[in-house]
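Let's take a walk through a protein model together.

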Amino acid sequence: MRKGILTIAAVGLLTTGGLTACSDDSGDNGAAAKTPKIGVILPDSKSSVRWETADRRFLEEAFKAAGVQAEIQNAQNDKTAFQTIADQMITSGVTVLMIVNLDSGTGKAVLDKAKSQGVATIDYDRLTLGGSAQYYVSFDNETVGKLQGEGLSKCLTDKGVKNPVVAYLNGSPTDNNATLFKAGYDSVLKPKFDSKEYVKGPEDAVPAWDNAQAATIFEQQLTKANGKIDGVLAANDGLGNAAISILKKNKLNGKVPVTGQDASTEGLQNILAGDQCMTVYKAVREEAKAASDLAIALAKGEKKDTGQTVKDPEGGRDVPSVLLTPKAIYKENVKDVIADGYVTKEEVCAGAYAKLCADAGIS
Ligand code: BGC
């Protein structure tokens, strides 16, 4: 029944929008004549707190400042829900659809459908391989991984560990970003494994970046390595915290450096406590602003030159892109993330963290 209504509505859109919907690759999207309305689909709220605490907030802020109508929904890691939300948004007349895909297959299906109905599309944060988005807005994700590799290496040196065994907790195998992060940290760590300066320990990818599963996986890694893991390359703060929870159980926290990403409140607190070596801060406010600017241009039927492209390794397309610069965060510069308004001092320095904040120069 529900499906029937959606189909009829979609057909209706096709006919009314038919004249302007003949989009081509020049970036025209047929949206010019319609009232701009932007639909955003976020992936979930558990693989990282960023989606609900940062991306939603900063996207809303950017759309509001531009005075444009927008709707932001979260697919909660459900691929069917992701497609249903996209269908509903298209039916409701969005002129631009911005997605953070759950995997490239479903992402591509959604992008292709939107395109066929004259709706412009943007890949937000994650590139959809083989997809058809007009723009891709993200960070330089290989550099994110490079900062993690360099960070782990710096913390192992600071601790004076010789021939450290390094374990990997990679991100979701269906997220192209996870591939890029790994390429980045491998570029730093693989030469050290090859020269036998470091020893490669267990390595696993965490499906859907599932933090709970990451703890189980890390516990198995630690058992497999007979407790001898000296450093953990965890691809984000959630995975890092999962590893830290197991290290705590084994009284190894603080002794074994762990990396992260996203500068989450929890990640920053783990850094202040000495349980996490570093995180990577990505200024999501800038990412949201860049995506919002492009979405608004697309909604007006304008074509913006981003001055940069990224090659889609699957589709072979050069996708016009905006890639922002990530920043490594250690105990010394946790204060920069607070100063940037990404998290508040009240959150990070709550309770027992007040003293640790003071010690780290957070006033
Ligand atoms: C994002 C990270 C995030 C991860 C899990 C990646 O695609 O770039 O910031 O931690 O997904 O949600």
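Let's start with the aromatic rings. Rings of Phe, Tyr and Trp (its six-membered ring) count as a pair if their centres lie within 6.5 Å, and by this rule there are five aromatic pairs here. The planes matter too: under 30 degrees apart is called stacked, over 60 is edge-to-face, and the rest are tilted. Take Tyr-168 and Phe-193: their ring centres are 6.2 Å apart and their planes sit at 55°, so this pair is tilted. Tyr-168 belongs to strand 6 (residues 165-170) and Phe-193 to helix 6 (residues 176-194), so the pair ties together parts that are 25 residues apart in sequence. (Helices, which are H or I runs of at least four residues, and strands, which are E runs of at least two, come from DSSP and are numbered from the N terminus.) Both Tyr-168 and Phe-193 are buried; buried means under 20% relative accessible area, exposed means over 50%, and partly exposed is in between, using a 1.4 Å probe and protein chains only.

Before going on, a word on where this comes from: it's a predicted model, in which local features need pLDDT of at least 70 and side-chain atom pairs count only at pLDDT 80 or more, while totals for chains, interfaces and linings use all residues. Residues are numbered from 1 along each chain as its sequence is written, and side-chain values use heavy atoms, with hydrogens and water left out.

Now find Tyr-281 and Tyr-342. Their ring centres are 5.0 Å apart with the planes at 70°, so this pair is edge-to-face. Tyr-281 sits in strand 9 (residues 279-281), and Tyr-342 in the loop between helix 11 (334-339) and helix 12 (345-348), so the pair ties together parts that are 61 residues apart in sequence. Tyr-281 is buried, with a relative accessible area of 7%, and Tyr-342 is buried too, at 8%. Ring pairs also bring in Phe-58, linking Phe-58, Tyr-281 and Tyr-342 into a cluster.

Next, the helices. Helix 5 (residues 141-158) and helix 6 have axes that come within 7 Å and cross at roughly 40°. Axes here are lines fitted to C-alpha atoms, for helices over the stretch in contact, and angles run from 0 to 180 degrees between N-to-C directions. That makes helix 5 oblique to helix 6: angles under 35 degrees are roughly parallel, over 145 roughly antiparallel, 65 to 115 roughly perpendicular, and the rest oblique.

Helix 7 (residues 211-224) and helix 8 (residues 237-249) come within 8 Å, axis to axis, and cross at roughly 45°. They are therefore oblique to each other as well. Compare helix 3 (residues 79-91) and helix 4 (residues 104-116), which pack at an angle of about 10° with their axes 10 Å apart. That makes helix 3 roughly parallel to helix 4.

Asp-125 is buried, with a relative accessible area of 2%. Lys-251, in the loop between helix 8 and helix 9 (265-272), has a phi near 55°, also positive in a residue other than glycine. Lys-251, though, is exposed, with a relative accessible area of 63%.
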